[in-house]
Amino acid sequence: MKKLPVFTLGVEEEYQIIDPETRDLRSHLSKIVDGAKIILNEQVKAEMHQSVVEVGTNICKNVDEAEKEIKFLRTKIVELADKQNLIVGGAGTHPFSKWQDQPITDDPRYHTIVNELQDAARSNLIFGMHCHVGIENREIGLQLMNQACYFLPHIFALSTNSPFWEGRQTGYKSFRTKVFDKFPRTGLPEYFDSVASYDNFLETLVKTNCIDNPKKIWWDLRLHPFYDTIEFRICDMSLTVEETMCIVSVIQAVVAKLYKLNLHNMSFNIYRLALIKENKFRAARYGIEGHMIDFGLQKEVETRMLILELLEFVDDVVDELGSRDHINYVHEILKNGTGAAKQLAVFEKTNDLTKVVDFITGEFTKGL
């Protein structure tokens, strides 16, 4: 039997920095990032808005190693925030903060983006979780990227955690993706038949001054232009470490399963982008509580059922990856709801968005 390679992981999380009195987002004036760099070096950086901190793990051999790093990073950022009399939370959007009130980080990179994209950039006050899975062979990586697109709405549905925007209940389980849609070069990736075709596309954008850096392709999934990874960028920022590691383990298992099919000269069907977009919309609107399209059966199926089918699909690689416990947490999400459902339940009970913020910040440290 052919043994699977090690599918290394890198996890990036974007945190909300919050005033404990008002519960509004608040600028940390780079103090948290500057303090963190002494301990964490390049594992922490400022984001476009001053009330956001981004962290990233080192290259991890497996999900357990990534979990330890994420717990360490969350703990350190909480400690540094506390020294500034601030608290930290994890969700795809803040329940009521307004982007107009949030200062932009004084950095040439962000000034360039704001100058180009104007209010689309200024209003991009959103928080995501990105997951890199290591693939040494870029040609195989591209094939897996094409095939993995089908599963993006399923993974996204599990992560939905942004039902509020600027003090309003949006009707979506993930409004973060609606905000990000204003950016160019976002959403589901195009199909590419070869790495040469993919690289030629990137080079054309650079040559024609559409972008100055191939990293400005902000698709939900991309073959990274500089690292030997496939990067999943579709997920909302999770409330808890457990939720993050569950979703990371599903992502890794999907890549491993598609790789295993490739080893046996098989592949997963590639479906039209227009159809996958339908499922992505349904995941944003309803999370795990609605229906998505089963393209094979050509009918609507409960999203929960399709996610259970996804677990069956990846089951034969999970033990080799050592991620069984993390994968099993999917059943807890299916039973208790995603972060969005939990936020909405708090609001329904209290009719108070500051209580929702209290819930978000309380969950952030759970299990650390």
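Count the aromatic pairs in this predicted model and you get 21. A pair of rings is described by the distance between the centres and the angle between the planes. Take phenylalanine 192 and phenylalanine 201: their ring centres sit 5.4 Å apart and the planes make an angle of 55°, so the pair falls in the tilted class, since edge-to-face needs over 60 degrees. Phenylalanine 192 is buried because its relative accessibility is 7%, under the 20% limit, whereas phenylalanine 201 is partly exposed at 27%.

Another tilted pair joins tyrosine 271 and phenylalanine 295, with 5.1 Å from centre to centre and 45° between the planes. This pair ties together distant parts of the chain, 24 residues apart: tyrosine 271 comes from the loop between H9 and helix H10 (273-286), and phenylalanine 295 from the loop between strand S12 (291-294) and strand S13 (299-302). Tyrosine 271 is partly exposed, with a relative accessible area of 24%, while phenylalanine 295 has 8% and therefore counts as buried. Both rings also belong to a cluster, linked by ring pairs, of Tyr150, Phe151, Phe268, Tyr271, Phe295 and Phe313.

S12 and S13 run antiparallel and are joined by 4 bridges, with isoleucine 293 standing opposite glutamate 300 of S13. Together the two strands make a hairpin with 4 residues between them, and glutamine 298 in that turn has a positive phi of about 55°.

Most residues other than glycine have a negative phi, so the next two residues are worth a look when you check backbone torsions. Arginine 185 is not a glycine, yet its phi is positive, at about 55°. You'll find arginine 185 in the loop between helix H7 (176-180) and strand S8 (186-187), and it is buried because its relative accessible area is 19%, with the cut-off at 20%. Asparagine 209 also has a positive phi, near 60°. Asparagine 209 belongs to the loop between H8 and strand S9 (218-219), and at 68% relative accessible area it counts as exposed.

The C-alpha atoms of aspartate 319 and alanine 253 are 9.8 Å apart, with 66 residues separating the two along the chain.

H9 is also among the elements that cover the buried residues of helix H5, along with helix H6 (152-159), helix H8 (195-207), strand S10 (221-223) and S11. H5 (residues 138-148) is largely enclosed by the rest of the structure, because 8 of its 11 residues are buried. Those buried residues are Ile140, Gly141, Leu142, Leu144, Met145, Asn146, Gln147 and Ala148.

S11 takes us to the last stop, strand S5 (residues 128-134). S5 pairs with S11 (residues 229-236) in the antiparallel sense over 6 bridges, and glycine 128 stands opposite aspartate 236 of S11. S5 also runs antiparallel to strand S1 (residues 9-18), joined to it by 5 bridges, with glutamate 13 opposite methionine 129. How many of the residues of S5 are buried? The count is 7 of 7, so the strand is mostly covered. In a regular strand the side chains alternate between the two faces of the sheet. Both faces of S5 are covered: Gly128, His130, His132 and Gly134 are buried on one side, and Met129, Cys131 and Val133 on the other.

Key:
Residues numbered from 1 in each chain as written. Predicted model: local features only at pLDDT ≥ 70, side-chain atom pairs only at ≥ 80, totals over all residues. Heavy atoms only, no water. Buried < 20%, exposed > 50% of the residue type's maximum accessible area, 1.4 Å probe, protein only. Pairing = 2+ DSSP bridges. Phe/Tyr/Trp six-rings, centres within 6.5 Å; stacked < 30°, edge-to-face > 60°. Contact = heavy atoms within 4.5 Å.
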